[in-house]
Structure formats: C-alpha cells, structure tokens
Amino acid sequence: MTKRSWCAAALALMLVSSAGVATASAATTPETASHGSTTKPQRDRPDLNGLRIKAVNAPNIYLVLDGRRHWIPNPATYNNLFRDWNGVVSVLDVGEITAGGALSDGAFLGKASGRPEVYLFSNGIKRWVTSPAAMDKYYFAWNKIQNLPVEAVNSIPNGPSIS
C-alpha cells in the first residue's frame, strides 16, 4: 500500500467513525438513557479518570475521560484500545457521572511512523496520550498501537491531551 493510499484510508476511517457517532447520537443510546437514580444530578468525576466502568447488572462499558463517562460502543472498539477485559469496575449509579458522549465505533490507538507520540483516534480527532504512565492509567494496550503515515496523523485535528 502506498503512502497516499494509507493516508486516504486513515482519513476515510476517521470520517466514517465521526459520522457513525453523529448517527448514533440521534437515537437513544446508553449515553442518553437513564442509569439508576434520576433524582441525583450528574457531575464530573476527574478522580475516576482512566477507569473502565459499568452499571451493576448492565452490559454497557464506559471509559472515564476528562471526568466524564464515554460509552464504548462495542467489543471490537474495546478490543482496539484495551489490554483485556480485566479491571472493569461495576458501580451502583453510572448515571451520576456526567455523560461525555460515545467513543467512535472503531476508535483506535495510533502513532506516526518513526514518531514516539501515541494518540487515541476517536470522533474525528486525535488525542495525545502524554506518557507511558497515562497509557497504564487508562489500561491502553501497547501492542495495539497502529503505525500510520506521518501525513495521515498530521491531517487529523488535535483534541485535548490525555494524562
């Protein structure tokens, strides 16, 4: 595959991922549905950053990022990002944590060939994972980082860093 076709493939993946989220957000999803008590207000929980959580007796798994819960839309996306399924924490009321939107279907970890910086690619942006400690905090999988052409990585807008 040529550099140009790699770049086109990476851009197409990001466009499809962000379009899928827009479509999904119009319907009732775990992000918009009620989880537990509806009388308690939602709030940001930066102290939980890096945790993968789920409601007791519910299948939906979320990543706490920026103090908000982000729905992981399917097992394939989960497997793109995390080492394994160990360490998912069941909490009584997931709905008390502010909803932060879903990760893109197919979100992945990637880096520019020959560069050390690792990014989370989701929702049409890339977010720099600032250190090995951050990779470990979020339980991101080192062996699932995809190498992409520098041009492809540079063409995707930056989002907030993950630390």
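## Exercises on a sheet and a pocket

β6 and β7 run antiparallel and are joined by five bridges. Strands here are DSSP runs of E with at least two residues, numbered from the N terminus, and two strands pair if DSSP finds at least two bridges between them. This is a predicted model, where local features need pLDDT of at least 70, side-chain atom pairs count only at pLDDT 80 or more, and totals for chains, interfaces and linings use all residues. Residues are numbered from 1 along each chain as its sequence is written, and side-chain values use heavy atoms, with hydrogens and water left out.

**Exercise 1.** Look into the hairpin of β6 and β7 and find the residue with a positive phi.

*Solution.*
- Start from a bridge: Leu120 has Arg127 in β7 as its partner.
- Move to the turn, where two residues lie between the strands.
- Asn123 takes the positive phi, near 55°.

**Exercise 2.** Work out the strand order of the open four-stranded sheet.

*Solution.*
- The order is β7-β6-β5-β8, with mixed pairing.
- β7 and β8 (146-148) are the edge strands, each pairing on one side only.
- β5 (residues 108-112) pairs with β8 in the parallel sense over three bridges, and Gly110 stands opposite Gln146 in β8.

**Exercise 3.** Describe the lining of the largest pocket.

*Solution.*
- A pocket is an open set of points on a 1 Å grid over the protein atoms alone, where a 1.4 Å probe fits, with protein on both sides within 12 Å along at least five of seven lines; lining residues have an atom within 4 Å of a point.
- Count 14 lining residues; Leu65, His70, Gly100, Asn123 and Arg127 lie nearest the centre.
- β3 (68-71), β6 (118-122) and β7 (125-129) each supply at least two lining residues.
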